[in-house]
Every structure is written in structure tokens, then in C-alpha cells.
Amino acid sequence: MNTFKQKALFSALAGAGALAMAGAANAVYVNQDGLGQALIYPYYTVRAGNMTLLSVVNTTDQAKAVKVRFLEGKNSQEVLDFNLFMSAKDVWTGAVVGTSDGAAVVTNDKSCTNPKIPAGGQPFRNYLFLGDAAPLQTLDRTREGYVEMIMMGASPGTPAA
């Protein structure tokens, strides 16, 4: 019995050592120029009077369609998403701001979004996390999270005005 435990421990340690020597596999490639098809803002917050400013730049001569998703920080449940359509060399800017009960995204940018972001901003929603296992179910949960921006496609040429 004692021999079995020693062999199992040795096997586990040998396996861990082999994994450590194998090196890390990189699932994400980061361009040296900082350019790519996905952008992740790892944290936004509106707590303690803060706001989070966002920007994304289309550095190409092609129009781009970008999926923008806001996810709350407790269980990564989506609180808002929209499609952003950017012309060549376009810059989109926005901000995550606090509301009386949660957070919202606001922008004065003229880039097209679908659905359209209203002039007063688009409040975040709690539809997807209502009833999940986390104890906090109110819109207060939308005050912290992260943002994903993923290119959906590019169109050569000049887009219609």
C-alpha cells in the first residue's frame, strides 16, 4: 500500500515536471505593432465616481464591422452589445458612466451603431444574469466588468455616406 502511494506521487511529480519543461503554448498572437482583430478592455468601473473612457481606431483603408460587448465582472454575463460600423481610418470613442442604479455607455461619436446608442446613453441591462447563482441580482452588478471588441468583417472600398 505504501509503495503504491509513493509510485502515484512520483508519477504526479514527473508529469508536472514534464509539463513545466514543455513550455507555454500561446493561444493568442499579439502583433508587435499593437494591431489586430480583437481588443479586450480588461476592466471598466463606475464605482467611487469613476468613469471608463473607451476608444478604438480603424487603421486600415477598409470599412470595418465590429461586435462590441460589455460583460459584468461577477459571472461575465453580457449587459450590452451592439455592432459598430467604422469607415476607413475611423476612430470611435465612448465612455462607461454611472447611472442612479447601474451603468451605461455614452458616446458623441458619429460612427454608426446597431442598435443606435441614444443621445443620453444606453443603460446596461441585467436580463442575462437575473436568476443566476451570484447573490447580487440588481443593476449595481453592471458597475464593473470588461469590454470585448471583435472585428466581424472588412469591406474594401469607400463605404456609402
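This report describes a sheet and a group of aromatic rings in a predicted model.

Strand 2 pairs with strand 5 (residues 91-98) in the antiparallel sense, and six bridges join the two. Within this pairing, leucine 54 stands opposite glycine 94, which belongs to strand 5.

## Aromatic pairs

A pair of aromatic rings is described by the distance of the centres and the angle of the planes. The structure holds five aromatic pairs. In one of them, the ring centres of tyrosine 44 and phenylalanine 124 are 5.8 Å apart and the planes stand at 70°; because an angle over 60 degrees counts as edge-to-face, this pair is edge-to-face. The two residues are 80 residues apart in the chain, with tyrosine 44 in strand 1 (residues 38-45) and phenylalanine 124 in the loop between strand 8 and strand 9 (144-155). Tyrosine 44 is buried, with a relative accessible area of 1%, and phenylalanine 124 is buried as well, with a value of 3%.

Phenylalanine 124 also pairs with phenylalanine 70, where the ring centres are 5.1 Å apart and the planes are at 40°, so this pair is tilted. Here too distant parts of the chain are linked, since phenylalanine 70 lies in strand 3 (residues 63-72), 54 residues apart from phenylalanine 124.

## The cluster

Tyr44, Phe70 and Phe124 belong to one aromatic cluster, which they form together with Phe82 and Trp92.

Definitions and conventions: Residues numbered from 1 in each chain as written. Predicted model: local features only at pLDDT ≥ 70, side-chain atom pairs only at ≥ 80, totals over all residues. Heavy atoms only, no water. Pairing = 2+ DSSP bridges. Helix = DSSP H or I, 4+ residues; strand = E, 2+ residues; numbered from the N terminus. Phe/Tyr/Trp six-rings, centres within 6.5 Å; stacked < 30°, edge-to-face > 60°. Buried < 20%, exposed > 50% of the residue type's maximum accessible area, 1.4 Å probe, protein only.
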